[in-house]
2 protein chains.
Amino acid sequence: MKAVILLSGGLDSTTVLYQAKSEGCECYAISFDYQQRHRRELESATTLAHSVGVEHQLISFDLRVLGGSALTDISIDLPDVSAAPPAEVRSLAQMSQIPVTYVPARNTIFLSFALAYAETISAERVYIGVNALDYSGYPDCRPDYIQAMQEVFRLGTKQGREGQAIAIVAPLINLKKTEIIQLGNKLGVPWEKTWSCYAGLDLACGVCDSCRLRLQAFAELGIKDPLTYAE
Amino acid sequence: MKAVILLSGGLDSTTVLYQAKSEGCECYAISFDYQQRHRRELESATTLAHSVGVEHQLISFDLRVLGGSALTDISIDLPDVSAAPPAEVRSLAQMSQIPVTYVPARNTIFLSFALAYAETISAERVYIGVNALDYSGYPDCRPDYIQAMQEVFRLGTKQGREGQAIAIVAPLINLKKTEIIQLGNKLGVPWEKTWSCYAGLDLACGVCDSCRLRLQAFAELGIKDPLTYAE
């Protein structure tokens, strides 16, 4: 069965790619160059897609003209994590706030392009590595949102109207980061080729929210993250 | 109230822009360069937005890499309308078939970007000129599809989760083309600045599905379409 995989090159989406492969899917990866700060992840996505031997489409557009996020608008500062309390002592209330790294409608845009790609190649599934637990702050990473997009997949396409709707598969949605890493380890994900850092430098910074979440999960499991960090 | 208007430069979306203006909205137009054949419509959109004095964002991406439509894939022929029966004698069954000019997930992609733009500028509405009657063949022009996208607008954004969801307004959805032209006439839409033709030539061809639908509606109303046609 053909499947489109939303591949950012990060830990989660790479695990999803390996999961889809392990389920026997013929995978078609799709990545987005939206002029994000952390463009290094696109190289990871390309490297990973190539190493696994799957088709890879890169869609480019410029979200900077719309602004609104610290990930695309350089006038908005990234969170000053050095001044923030450690992630493990941040309260649930703080964790559930929508962070400045939220990009308005990002997953909706990504899923829309994935839907177009899937319908064009007659794929049956679209895999996305959203996670409702560790990214509870993002509205477009939650199960009810995915369900709403599934209705759009059903009603907004020829394939959904005339036959079986393309299914959104979100295998990580209820997993903790540690569980994702355990799953990825079973699947043989090459963590050193994945990229999570938001800072946009040559080496992962190790201190942004995304690096911290990743490092903390590896530490909890007593596994060394094989990625090289700046500090 | 701020409103984002999906403006293709065609008859329908231009009428919608004038409708939103007449309702007192502060309008922000958004158009898409998706390497469509009929790029002339983008000039119309720019001219129209400028003449009305509204902000105008152009988002560019390349849907040709995904293929799948006669509007973006030059290997798929546009319908040979000269060989087809006149539109007025085409059966309902023929009209309800999904045409080759259908672009997979196009309105979903457009609405996703409009949603991102609307959330970024704190707009309350997104206007779209979809029409379920004359474009019954397109799955993403029907009321149930718009309702599904409305749920995505509610659940997929910070604004929708924390306050009032951005509303999708589709004022033309149940109008016939003749009714749209009557509405546009009342609103003072400059038809000669709008562009409907799919063929991508300097002058509107007058024979593609889109031109025929337009010309037929003007003819039914006994009004001359002020746009210049090739023949």
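Helix 5 of chain A and helix 5 of chain B run roughly antiparallel to each other, because angles over 145 degrees get that label, while those under 35 count as roughly parallel, 65 to 115 as roughly perpendicular and the rest as oblique. The pair, residues 143–155 in each chain, packs at an angle of about 160 degrees with axes 9 Å apart. Axes here are lines fitted to C-alpha atoms, for helices over the stretch in contact, and angles run from 0 to 180 degrees between N-to-C directions. Helices (H or I, at least four residues) and strands (E, at least two) are DSSP runs, numbered from the N terminus. The crossing of helix 5 of chain A with helix 5 of chain B is left-handed, a label used if the near helix is turned anticlockwise from the far one by less than a right angle, with right-handed used if clockwise. On the chain A side, the contact uses Asp144(A), Tyr145(A), Ala148(A), Met149(A), Glu151(A), Val152(A) and Leu155(A); on the chain B side, it uses Asp144(B), Tyr145(B), Ala148(B), Met149(B), Glu151(B), Val152(B) and Leu155(B).

Residues are numbered from 1 along each chain as its sequence is written, and chains are lettered from A and ligands numbered from 1 in the order in which they are written. The model scores ipTM 0.87 and pTM 0.88. As for pLDDT (the predictor's confidence in each residue, from 0 to 100), chain A has a mean of 86, and 84% of its residues reach 70 or more. Residues 80–96 of chain A are another matter, with pLDDT below 50; beyond near neighbours in sequence, the stretch has 16 contacts in the model. Where pLDDT is low, the predicted coordinates should not be read in detail.

Ala148(B) counts as buried because it has 21 C-beta neighbours inside 10 Å. The cut-offs are 20 or more other C-beta atoms within 10 Å for buried, 12 or fewer for exposed, and partly exposed in between, with C-beta atoms placed from the backbone. Leaving out residues up to four places away in sequence, Ala148(B) touches Ala148(A), Glu151(A), Val152(A) and Leu155(A); contact means C-beta atoms, placed from the backbone, within 7 Å. Over the whole interface, 37 residues of chain B are in contact with 37 residues of chain A. Strand 3 (55–60), helix 4 (106–120), helix 5 and helix 6 (158–162) of chain B each supply at least two residues of the side that touches chain A. Helix 4 of chain B gives the most, with ten residues. By class, that side of chain B has 20 nonpolar, eleven polar and six charged residues.

Chain A itself has eight helices and five strands, in the order β-α-β-α-β-α-α-β-α-α-β-α-α from the N terminus on. Of its 231 residues, 49% are buried. Among contacts between residues at least 6 apart in sequence, 73% join residues at least 24 apart.

Within chain A, helix 1 (residues 11–22) and helix 7 (residues 177–187) pack at about 45 degrees, with axes 9 Å apart. That angle makes helix 1 of chain A oblique to helix 7 of chain A, and their crossing is left-handed. Leu11(A), Asp12(A), Thr15(A), Tyr18(A), Gln19(A) and Ser22(A) in helix 1 meet Ile180(A), Leu183(A), Gly184(A) and Leu187(A) in helix 7. This contact has five nonpolar, four polar and one charged residues.

Leu6(A) belongs to strand 1 (residues 2–6) of chain A and is buried, with 26 C-beta neighbours inside 10 Å. Its contacts include Ser13(A), Ile30(A) and Phe110(A).

Most residues other than glycine have a negative phi. Ala105(A), though not a glycine, has a positive phi of about 60 degrees, and Ser122(A) has a positive phi near 55 degrees. Ala105(A), between helix 3 (92–96) and helix 4 of chain A, is buried, with 30 other C-beta atoms within 10 Å. Ser122(A), between helix 4 and strand 4 (125–127) of chain A, counts as exposed with 11 C-beta neighbours inside 10 Å.

Key. This is a predicted model: local features need pLDDT of at least 70, side-chain atom pairs count only at pLDDT 80 or more; totals for chains, interfaces and linings use all residues. Two residues are in contact if their C-beta atoms, placed from the backbone, lie within 7 Å. Ala, Val, Leu, Ile, Met, Phe, Trp, Tyr, Cys and Pro count as nonpolar, Asp, Glu, Lys and Arg as charged, and the others, Gly among them, as polar.
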